[in-house]
Amino acid sequence: MKLIPLTLGQFAKVDDADFKRFGRLQWKAIKKKNGYYAMREPYIDGIRFRTYLHRLILGDPLGELVDHKNRNPLDCRKKNLRICNRSQNAANRSGAQPNSKSGIRGVSWGQYGKWRAYINVNDRTIALGSFSSAEEASKAYARANRKHFGQFGGVLK
């Protein structure tokens, strides 16, 4: 494993073979809502192209997304990257929505003094039931996340 220096004092982790391929190029860190990403913007025939390191490492799979298994966008080692669709990528994100009152992903305070669990699968919301505690609702969400998204369900935090 090697580190590629980026701007803003950041570094990208890559495998030794990928360091040989991409380590000499100039990379910059770009801040997004879930962390920093390693990115270049070379000009080709006068047109600027935005290129992300994690996409180059997997061969720039056009029309598909690349997921970081451990949710660290600067960990671009092959063992941490996988091709995915939008739904699988969303299943691997951590935490609740910023406007969540429970602070737990997939859990909300429902009517009748109960906690509700729900999950979104293929743009559909599936109700998982009502529970007497937020912890029980969170466990129901975790089970459903693993059931519907398998390896992409991951560990929820």
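Visitor: Hi! Is Tyr52 buried or exposed?
Guide: Hello! In this predicted model, Tyr52 is buried, because its relative accessible area is 13%, under the 20% cut-off.

Visitor: And what about Tyr37, buried or exposed?
Guide: Tyr37 is buried too, with a relative accessible area of 12%.

Visitor: How many aromatic pairs are there?
Guide: The structure has 2 aromatic pairs. In one of them, the ring centres of Tyr37 and Tyr52 are 6.1 Å apart and the planes are at 80°, so the pair is edge-to-face.

Visitor: Where in the chain do Tyr37 and Tyr52 sit?
Guide: Tyr37 belongs to strand 4 (residues 35–40) and Tyr52 to strand 7 (residues 51–52). They are 15 residues apart, so this pair links distant parts of the chain.

Visitor: What about Trp109 and Trp115?
Guide: Those two form an edge-to-face aromatic pair, with 4.8 Å from centre to centre and 75° between the planes. Trp109 counts as exposed, at 52% relative accessibility.

Visitor: New topic: which residues touch the most other members of the largest nonpolar core?
Guide: That core has 14 residues, and those touching the most other members include Ile4, Leu6, Trp27 and Leu53. Strand 2 (11–14) and helix 2 (53–57) each contribute at least two residues to this core.

Visitor: Which residues does Ile4 touch?
Guide: Leaving aside residues up to four places away in sequence, its contacts include Phe11, Phe19, Phe22, Trp27 and Leu53.

Visitor: What lies over the face of Trp27?
Guide: Arg40 does, at 5.8 Å from the ring centre. Elsewhere, the charged end of Lys31 sits over the ring of Tyr36, 5.2 Å from its centre.

Note on methods
Residues numbered from 1 in each chain as written. Predicted model: local features only at pLDDT ≥ 70, side-chain atom pairs only at ≥ 80, totals over all residues. Heavy atoms only, no water. Phe/Tyr/Trp six-rings, centres within 6.5 Å; stacked < 30°, edge-to-face > 60°. Helix = DSSP H or I, 4+ residues; strand = E, 2+ residues; numbered from the N terminus. Buried < 20%, exposed > 50% of the residue type's maximum accessible area, 1.4 Å probe, protein only. Lys NZ or Arg CZ within 6 Å of the ring centre and 35° of its normal. Core = buried A, V, L, I, M, F, W, Y, C linked by side-chain atoms within 4.5 Å. Contact = heavy atoms within 4.5 Å.
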